[in-house]
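Subject: Structure handover

Hello,

Here is the structure I promised to pass on. Please open it alongside this email, and my notes follow below.

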Amino acid sequence: MSDKSNTLGRSDIYDAKSLGVPKVTILGIQHMFAMFGSTILVPMLTGLDVSTTLLFAGLGTLLFHLLTKGKVPAFLGSSFAFLGGYMAIAPMLDGGLPNKELLPYACFGVACAGLLYLVLALLIKLFGTGRVMKFFPPIVTGPIIIAIGLTLSPSAINSCSTDWIVALTAILLVIVCNIWGKGMVKIVPIIIGVLGSYLLAAVLGGRISFIPIQPVDFSPIREAAWVGLPIHWNDTVFSLLGKGDAEMLITSMITIMPIALATMVEHIGDISAISSTVGRNYIKDPGLHRTLLGDGLATVLASLFGAPANTTYGENTGVLSLTRVFDPLVIRLAACFAILFSFCPKFAAVIGCMPTATVGGVSLVLYGMISAVGVRNIVETKVDFSKTRNVLIAAMILVLSIGIAYSGAGALVFTVGGVTIQLSGLAVGALVGIFMNAVLPGKDYVFDEETPAETGVDFSVRNKEK
């Protein structure tokens, strides 16, 4: 049966009520697995806790649905855009160990970045989408997204270098599944790449002399409990109360907050994509201010308790398109499954035992895809690079973001009032790009909030003859 009222005159759409409990349950599990590979990869790359990440991905999604009146079928998972911020404030220690001492400071900076969503939501509510979005055209956001992927690339190469056979296995599986896979295989290439390379290391690691694959230590899995709490007080921002370093808190805030300028526009692009997939304009109803509010509050909540920033997931939009089941109830069911898994430390231990090269291989693909999304953003919105202003803006964003990241200090360091502040390359590039776009003449983009685009943010070139 189909629900013709579910979307704009489309009769091939199924709702959860007509499908029944067994099918809806399977669809919910499918949505959980669609977000799973990318969501757990972020804590693996940053040192954050996997169980905490799953808990707040689920809770964040439910909060988002509450604030958007249960209308938008979106799942909120871990955001890759903030990886540069985590690595700038709390880089992984030797041997791939998490920097437990500094991670709460990084989480504080991400929580502050989440508050910017609330500010933008308020501005959009007061002044309308078009007036606010003119400060974030593709010539600004595109290069920022490109720089995010490029600045992360060295960490992927370093992880791959620990075992290139395992890393290449992960890379090849992701590519093959994504290009030639059918059905569910095409939706979850990350999971298949992780499982395939993990299995290779587990089966052949240290067993065949002419295949130099490092063995996997499974002892943490045997020692882990089946049930446990996913929140650890010492990993939360609240652990800094009364004893936190004020200088580090300020540095983290200033370093990480500008990254939100790119992720907020990414959010708008995701909502546009979901709108096009479903056939409803969610930018108008329930409103972009509500979706931003939900995403921002979910990010603040997750960060305060030691989980990564949240973002709307394109993987789940792909599942919507594949299944033609757009009922938000299915997404909420997936969120409940994520919360359930978060209370199993043994499951988190399985993730923790994963070879570093597996993480490196998958992250190498994902970091490249982040930059490719930035390129796509520029191409699809027809940014005119024959204009000197656009060339200058893109040039300054890219050179500052990448150049500062790869410099000796890795950040722009200065002192204000006795407080030493470190600005990451991404932060400097984003601020300079926004400022240049605001002051340089020749703007030719307008934001169209009436019609959702198939991909990315719907910008169009202004016809100067009108």
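What follows is a short tour, from the whole chain down to single residues.

**Overall**

Please keep in mind that this is a predicted model. The chain has 466 residues, and 54% of them count as buried. Its secondary structure comes to 20 helices and six strands. The accessible surface is about 19,700 Å². Carbon and sulfur atoms account for 68% of that surface. I also looked at contacts between residues at least 6 apart in sequence: 80% of these join residues at least 24 apart.

**Helices α3 and α16**

Start with α3, residues 50-67, and α16, residues 328-341. Their axes come within 7 Å and cross at roughly 150 degrees. Angles over 145 degrees count as roughly antiparallel, so that is the label for α3 and α16. The crossing of these two helices is left-handed. On the α3 side, the contact is made by L54, L55, G58, L59, T61, L62 and H65. On the α16 side, the residues are P328, I331, R332, A335, A338, I339 and F341. By class, this contact has 10 nonpolar, three polar and one charged residues.

**Helices α7 and α20**

Next, look at α7, residues 138-160, against α20. Here the axes come within 10 Å, crossing at roughly 170 degrees. α7 and α20 are therefore roughly antiparallel too. From α7, the residues involved are I139, V140, I144, A147, I148 and T151. They meet L426, A430, G433, I434 and N437 of α20. The class count for this contact is eight nonpolar, three polar and no charged residues.

**N437**

One residue of that contact deserves a stop of its own. N437 sits in α20, which spans residues 425-439. Is N437 buried or exposed? Its relative accessibility is 2%, so N437 counts as buried; the cut-off for buried is under 20%. Which residues does N437 touch, leaving aside neighbours within four places in sequence? They are K134, F135, P137, I139, V140, R389, I393 and K443. I139 and V140 in that list belong to the α7 side of the helix contact above.

**P345**

P345 is in helix α17, residues 345-352. With a relative accessible area of 24%, P345 is partly exposed. Set aside its neighbours within four places in sequence, and P345 is in contact with A224, A225, W226, V227 and G228. P345 and S51 are 294 residues apart in sequence, yet their C-alpha atoms are 7.0 Å apart in space.

**Two backbone points to check**

Most residues other than glycine have a negative phi, and most peptide bonds are trans.

- P286 lies in helix α14, residues 283-304.
- K69 is placed in the loop between α3 and β1, the latter being residues 76-78.

**Where to look**

Then turn to N437, buried at 2% relative accessibility.

Best wishes

Terms used:
Residues numbered from 1 in each chain as written. Predicted model: local features only at pLDDT ≥ 70, side-chain atom pairs only at ≥ 80, totals over all residues. Heavy atoms only, no water. Axes fitted to C-alpha atoms, helices over the stretch in contact; angles between N-to-C directions. Helix = DSSP H or I, 4+ residues; strand = E, 2+ residues; numbered from the N terminus. Parallel < 35°, antiparallel > 145°, perpendicular 65-115°, else oblique. Left-handed = near helix turned anticlockwise from the far one by under 90°. Contact = heavy atoms within 4.5 Å. Nonpolar A, V, L, I, M, F, W, Y, C, P; charged D, E, K, R; others polar. Buried < 20%, exposed > 50% of the residue type's maximum accessible area, 1.4 Å probe, protein only. Areas by Shrake-Rupley, 256 points an atom, 1.4 Å probe, with all protein chains shown as cover.
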